[in-house]
Amino acid sequence: MFKRRRMLGVLVVLLLAGQPAHSEDMVIGVKAAFLYNFTKFIQWPAVSFDADSDSLNLCVTADLQDANVVRQVVRGKSTQNRAIDFYYVTDRRALAQCHLWYVSKEAAQRNPDWFDEARQYPLVVVGEGDRFIDENGMIGLMIVDGRIRFAVNERRASTSSIHISSKLLSLAQRVVR
Amino acid sequence: MRVLDRLSVLPISRKILLAIIVTSMVVVVLITSVNVVYGWFDLKARAKNELSATASIFANNVSAALTFRDELAAEQLLESLKAMPQLDQACIYERAELNFPLFAQYRALNPSNPCPPVLDKVPEQMPGYILETQEVVAGDERVGYVFLSRSTADLSAAMRTTSTISLGMVVVSCFIAVVFSTFFRRLIEDPIHRLVAVTREVSSGGDFGIRAEKFAGDEIGTLFDSFNAMLEQIQTRDDDLKKARLELEQRVAETEQANATLNATLTRLKETQDQLVHQEKMASLGSLVAGVAHEINTPIGVGVTAASTLQGATEETSAAYENGKLTDSGLRKFMGTATQSASILLTNLNRAASLIQSFKQVAVDQTSSEVRTFNLRDYLDEVFLSLRPKLKKTHLEVSLNVPEELNLYSYPGALSQIVTNFVMNSLVHGYPDSTSGELSVVVEDLGEEIILHYRDDGVGINTTDLQRVFDPFFTTRRGAGGSGLGMHIVYNLVTQQLNGIIKLESEPGKGVHAMIRMPKTVSVKEAAV
């Protein structure tokens, strides 16, 4: 009755996402799955894509090891009928091509000026911690009761003409409107 | 048919009442049934649509929770389904490697009826429940399924209420039908009752002058008009009938009177016929007497001549004797004359006596109805002897071929009359121009019976006349002295007196052949005349 497609990558992600984040590898894996899942509930403005066939660019600025975990998770994936391309960003100017940018806590502290660059584009900025959304980002990842949760600054997203689904907002620990 | 037969004996008011109630009941029950059935399916379809819409919204809402595996959020969303108390189960299934295990369920809904552990166990149909399964899609990926089930108990309850109300409406409709039909049936019933009453009055009293009073201008009104018109027609015809009856009675009386007159005339006619028959018999006898007279005249005349000759010779001889002139030769001549005269006289007188004797017998037989034994051949000889004067004038030969020892015990007079009439008819009708011919009588002895054949070879009788030849007063020679009774008398004598039958055959130009079949011994009792 129900079709079952083996999409091993996704399943791995989902299985990982269901587990409490104990080890660091496990945590970044779950976070990568969250990043992928966020793309399903976010609408970018039309100017973000030149064509319907354009891929969605997921950018990461973090440890190379973590970045590789994310790359593994989103490899070959698609969302909203667009393929997902992974970029490891080391230059702030590269942000212009990104749609979603994950910046680790360390990278954010190291490059605070990158956020000014990020504000110029309709770019969903995902960072670490509850306070991240008050400072620079739009979505902040955190661990609550051993599970990964997130907070959303919807106001900032709206300023960048980005629409975050209410379904996603309903799951958020905190929403700034 | 039995039902119709039973219904047909009901009074018309009952029939009208029954027709209205049955019709309205059938219509109301039909409409109500259709409404109830349609209502039930409509209700189920609406419930199904509602459930489907709920499942769709719920699947959409739960997609994020399922994507992020947020059970808490999923359970919060499930809580929102409290607003639908008719929901029995709400189950969320997540996508796993092999199948779709249960992710979350709304426990508060029905603790005794938990969700199936995997999606494969979810039934497609369940009696008394409406089921809905929808997939949960996030982005362009199917992340799970939601399954909702809803009891139809509330729908059944609603339908029960509707059915009860509908049943009530049927009862009320029947009641209203009874009330209205009771009111309206008078419009039909009263005029019909009035018409029935008038009909009874007319049939019992026989007064066709009564008229039914019309109520309205509808079909029953037309019936009244027609009935009245019919009564008028009957009245007119009744009057006509009475007149006709009087006329008929008068005509019957007239007819009876005419009948009586006719009967009297008929009686007179029969008397006249009898007289005529008697006269004809007498005429036949007269003819016989004339013939007899003529026949006797010759021997008597010869006798007279012989006697006169003897007288003259005697006187002449006597005078000669007185004068002494009687010679021997004269006496011898006288003696010769006397002897010859006496011989002639004797011969002729004997002849006359013989004739008289025969004629007397025939005459006596013709006038009497005496039954006696007689020799047929001798008797027929005598009859033809009596007819000789008639036959002499013709060129006809007569031949008799009768067995010698044939004796009959019968009515010879009747036989004489029959043969005489045959011969007379042959003479009068058969040989118009005195042509020559032959009459023959042949008798066959059959033991108990004889057949007498009488034939002539004259002109014969045509077919039309042959059929009427025995009818009384039928003659082709009425102006020439025929009475038309001769052959009628023959027929009566053969059939009534001789107790025989007669048949006449003839064709124009081939003569006549009459056959009489009769018993040798006639029964007197039968032949009483």
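How many residue pairs are in polar contact between chain B and chain A? In this predicted model, local features need pLDDT of at least 70 and side-chain atom pairs count only at pLDDT 80 or more, whereas totals for chains, interfaces and linings use all residues. Residues are numbered from 1 along each chain as its sequence is written, chains are lettered from A and ligands numbered from 1 in the order in which they are written, and side-chain values use heavy atoms, with hydrogens and water left out.

Seven residue pairs, both members at pLDDT 80 or more, are in polar contact between the two chains. The salt bridges between chain B and chain A number two (a side-chain nitrogen of Lys or Arg within 4 Å of a carboxyl oxygen of Asp or Glu). E141(B) forms a salt bridge with K40(A), at 2.9 Å from N to O.

Contact (heavy atoms within 4.5 Å) joins 26 residues of chain B to 26 residues of chain A. About 2,400 Å² is buried between the chains, with 55% given by carbon and sulfur atoms; this is the accessible area (1.4 Å probe) that two parts lose on being put together, summed over both. On the side of chain B, the most area is lost by F68(B), R95(B) and E141(B), together 29% of what that side buries.

F38(A) is among the residues with the most contacts inside the largest nonpolar core, which has 67 residues. Leaving aside neighbours within four places in sequence, F38(A) is in contact with residues including V126(A), F150(A) and F68(B).

Note on methods. Core = buried A, V, L, I, M, F, W, Y, C linked by side-chain atoms within 4.5 Å. Buried < 20%, exposed > 50% of the residue type's maximum accessible area, 1.4 Å probe, protein only. Polar contact = N/O pair within 3.5 Å; in protein donor to acceptor, adjacent residues only side chain to side chain.
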